[in-house]
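Me: I would like to learn how to read a structure of this kind, feature by feature. Could you take me through it slowly, with the general idea ahead of each case?

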Amino acid sequence: MRDPRHDILFTPLQIGPKTAKNRFYQVPHCNGGGYRDPSAVVEMRRTKAEGGWGVIFTEQTEIHPTSEITPFIEQHLWDDRDIPALARMAEAMKSHGALAGIQLAYSGINGPNLYSREVPLAVTGGPILTFTSDPVQARMMDRQDIRDLRRWFRNAFRRSHQAGFDLICLYGAHGFGILQHFLSRATNHRSDEYGGDLTNRARFLREVVEDARETTKGELAISLRMSLHEAGAYGFSNAELRDFIAMHAELPDLWDLAHGTWEACSGTSRFKAEGAQEELVSGIKELTPKPIVGVGRFTSPDAMVRQIKAGILDFIGAARPSIADPFLPLKVQEGRSEDIRECIGCNICVSGDMTGSISRCTQNTAFM
């Protein structure tokens, strides 16, 4: 029997036109499989569906060959030939009643295009900002490039809809992705209508969200994945994020918020406690009527309940904990919290993806 203190974790909640069956939300995460190992990725997500997650997302899915991050192996949605593999994944995600989400990304100044050999396009041109310091220059996008990018996003929205997904996540977090690059003064030095003050810097994101709603006829929910706080080369501060959300309170159907760089967002347990991002996300719910999901290596249902009852989060986001134990929600539902295989924050999962190999997990040897 479930502990009645945990009942709130199993209350349904609406996300735009869709309803999640519970508050367990597997946020987008990479796995080292991507376009190369689609069957393995499908079965990994299917296992999470069986494990009781209410919302399950893909990894970062690249929408066009002018923006790819080889040597890292991510998903592709470059053309219609990519739809069947993703449709299998959406079907697996929904096999036990979860909502199926796809995260769409255009990497801009983060994409070296070592595979496609296309000239990278960026909000503001300059040296590519990558993990591997590739000697590549990005060209500044002109107005035609921006129109083309909107069209490429519309194609991705149509393909996502056709593949059977319920939600689309627009990726602009972790210093990664064109949406954050437009928003941040550190990466947006434009002097046209897409640069300058925050209203102008947010213009492209607003246009893309409007395009998503029009292309999918309002049938898919839209989430925005954004950094709670960025520093350094990608700088978009927590204060600026709050200003942006206050200005666009009803723009998405859900706000997906995570700390900035990988080091900050996915810190090891040696340096980051469970729920470590609480201070950065507290109070944001007061700025918007839309639900909020946040992360923090959550493995304790008591900690999850406290975040929801305190009005900090609406959904409990998890990447690494969903890897360590894909059956975490089911164990809480069955009153078996002591059986949860707890994520220890060792980050061997991240290291696998970073080396272009299959991710793995010290707590869950069956992962991938």
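Predicted model: local features only at pLDDT ≥ 70, side-chain atom pairs only at ≥ 80, totals over all residues.

Me: What is the general idea behind speaking of two sides, and how many of the residues of β6 are buried?

Reply: In a regular strand the side chains alternate between the two faces of the sheet. Strand β6 spans residues 99–105, and seven of its seven residues are buried.

Me: Which strands are joined to β6 by bridges?

Reply: Strands of a sheet pair through backbone hydrogen bonds, and the pairing may be parallel or antiparallel. Here strand β4 (residues 55–62) runs parallel to β6 and is joined to it by six bridges, with Phe57 standing opposite Gly101. Strand β10 (residues 167–172) also runs parallel to β6, through four bridges, and in that pairing Leu104 stands opposite Leu170.

Me: What can be said of strand β14 and its bridges?

Reply: In β14 (residues 315–318), Phe315 and Gly317 point one way while Ile316 and Ala318 point the other way, and all of them are buried. Three bridges join β14 to the parallel strand β3 (residues 24–26), and two join it to strand β13 (residues 292–294), which is likewise parallel to it.

Me: Turning to helices, at what angle do α3 and α6 pack?

Reply: Helix α3 (residues 143–163) and helix α6 (residues 203–215) pack at an angle of about 35 degrees, with their axes 9 Å apart, and their crossing is right-handed. The residues making the contact include Ile146, Phe153 and Arg158 of α3, together with Phe204, Val208 and Asp211 of α6. Sorted by class, this contact has seven nonpolar, one polar and five charged residues.

Me: How many residues does the largest nonpolar core have, and which element gives the most to it?

Reply: In soluble globular proteins, nonpolar side chains tend to be buried together. The largest nonpolar core here has 80 residues, and those with the most contacts inside it are Phe153, Leu170, Ile178, Phe204, Phe244 and Leu257. Helix α3 gives the most to this core, with seven residues. Leaving aside neighbours within four places in sequence, Phe153 is in contact with Ile63, Tyr106, Leu170, Ile178, Phe204 and Val208. Another core, of 17 residues, lies apart from the largest one, and among its residues are Ile15, Ala20, Phe57 and Leu167.

Me: Lastly, why is Thr199 classed as partly exposed?

Reply: Thr199 is partly exposed because its relative accessible area is 38%, whereas buried means under 20% and exposed over 50%. Thr199 lies in helix α5 (residues 198–201) and touches Arg206 and Met247, not counting residues up to four places away in sequence. Between Thr199 and Asp314 there are 115 residues of separation in sequence and 27 Å in space, taken C-alpha to C-alpha.

Definitions and conventions
Residues numbered from 1 in each chain as written. Heavy atoms only, no water. Buried < 20%, exposed > 50% of the residue type's maximum accessible area, 1.4 Å probe, protein only. Pairing = 2+ DSSP bridges. Axes fitted to C-alpha atoms, helices over the stretch in contact; angles between N-to-C directions. Left-handed = near helix turned anticlockwise from the far one by under 90°. Contact = heavy atoms within 4.5 Å. Nonpolar A, V, L, I, M, F, W, Y, C, P; charged D, E, K, R; others polar. Core = buried A, V, L, I, M, F, W, Y, C linked by side-chain atoms within 4.5 Å.
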